[in-house]
Amino acid sequence: MNIAIVGTGYVGLVSGTCFAETGVTVTCVDVDKSKVEALKNGIIPIYEPGLDDLVAKNIKAGRLKFSTSLEDVLDEQQIVFTAVGTPPDEDGSADLKYVLQVAKTIGENLKKYVVVVTKSTVPVGTSRKVYDTIKAELDKRGVDIPFDVASNPEFLKEGNAIKDFMSPDRVVIGVDSEKAKKLLTKLYKPFLVNNFRVIFMDIPSAEMTKYAANSMLATRISFMNDIANLCELVGADVNNVRAGIGSDTRIGRKFLYAGCGYGGSCFPKDVKALIKTADDNGYSLEVLKAVERVNEKQKGILFSKLQRAFADESLNGKNIAIWGLAFKPETDDMRESTALVIINKLLESGCNVHVYDPEAMKECKRIMGDRLVYCKDMYDAVKDADALMLLTEWKEFRLPDWEKINKLMRRKLVLDGRNIFDSDDLYEHGFEYHCIGK
């Protein structure tokens, strides 16, 4: 089977590589020539554990190819996936210009039947727009070439994407024709053999499922952050509360960890887009609007704790160390990360900001430039620091040498935005310690 995936960002590259691993011949298409040339040489633009080895393996096997032209490879394909970006517009809606440009290109060049599958996260109704765009271009050409559209949203977690793709909780596919269903069933047959769930449904329901899933997870996070803030006020411990409610099988334990806010490429964008979709249809999603408000407030909570710790002093000139820049561990992605909010607040207050992250240093420098001090490791970051702020729960931060840190820091103040440290351990080493929800 031959398929093309348009877009070599996170979703496109992981999906294409994993499909190639199942024996499919995959051509990944991207308009960025330098990016495509790098990929041909096994140089990948993102950090995802295990992906570089898998890309190299499938390039060598001849199952994974790269091109800058969909027109040149379209005739060879049975299925074309769209995995281009859908960045949020100023009003929160998803920008579909790249998705519809792919559809236009297909319509301008289609010569035989193909299934066009949207894998990008798109609002309900987008597949209809994709269909109409392709059909309009075929009509301009005066040809009647059959094609189908489908929706196949991704549910990949950054840092665990390969396992998520190869051993999925479920695969959701929206189709409106038996021919498309048959072809996509063949593509996903390796997953069916392993008894993973492939759920076929109508196209609007598949489009909605992606947004609903991410919005539910975001809701759980914001709910627990709200509860954590109340715990601090009433003298409760959010970790005990989490254990208590998580043991209820109706609730479960996942996504009940309090922290300093969620970020990334999915949750913030998808919550905004679903809110906008509802508004456009005359309905207000009040719960999700509250989820968004809570999260934006939570991103600044560690800075508020820092201000209270220095209540009698100005923050101007203080050295603040930050451990963790990516929005979560095992990625270099800083989109909508709490670190960006905190860093800007610190800079506005006149602080000297020293940062370290195992993978996101290059991305941080691209965004923030030379306004920060970029450190070689976690201990370098805390030299002469007046406070340490933990923002991303990388494994290497979990058991630091507190005796060493005690000697390096100017003031022994630790603000833990992910509740990963043992408070008793820090108190024994003479640190002032603040976390979330205790």
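**Exercise 1.** In which helix is K97 found?

Solution. The model is predicted: local features need pLDDT of at least 70, side-chain atom pairs count only at pLDDT 80 or more, and totals for chains, interfaces and linings use all residues. Residues are numbered from 1 along each chain as its sequence is written, and side-chain values use heavy atoms, with hydrogens and water left out.

Step 1. Helices are DSSP runs of H or I with at least four residues, strands are runs of E with at least two, and both are numbered from the N terminus.
Step 2. K97 belongs to helix α5, which covers residues 97-109.
Step 3. Its relative accessible area is 48%. Buried means under 20%, exposed over 50%, and partly exposed in between, with a 1.4 Å probe and protein chains only. K97 is therefore partly exposed.
Step 4. P87 lies 10 residues from K97 in sequence, and the two C-alpha atoms are 9.6 Å apart.

**Exercise 2.** Describe the chain as a whole.

Solution. Step 1. The chain holds 19 helices and 14 strands.
Step 1. Its radius of gyration is 24 Å, close to the 22 Å of the globule rule for 438 residues, so the chain is as compact as a globular protein of that length. The radius is taken over C-alpha atoms, and the rule is 2.2 Å times the number of residues to the power 0.38.
Step 2. The C-alpha trace spans about 75 × 45 × 40 Å along its principal axes.
Step 3. Of the 438 residues, 53% count as buried.
Step 4. Take the contacts (heavy atoms within 4.5 Å) between residues at least 6 apart in sequence: 73% of them join residues at least 24 apart.

**Exercise 3.** What is the strand order in the open sheet of 6 strands?

Solution. Step 1. Two strands pair if DSSP finds at least two bridges between them. Strands of a sheet pair through backbone hydrogen bonds, either parallel or antiparallel.
Step 1. The order is β11-β10-β9-β12-β13-β14, with parallel pairing.
Step 2. The edges are β11 (373-374) and β14 (432-434), each of which pairs on one side only.
Step 3. Strand β12 (residues 387-390) runs parallel to β13 and is joined to it by 3 bridges; L390 stands opposite D416 in β13.

**Exercise 4.** Which residues of β13 are buried on each side?

Solution. Step 1. Strand β13 covers residues 413-416.
Step 1. L413 and L415 are buried on one side, V414 and D416 on the other.
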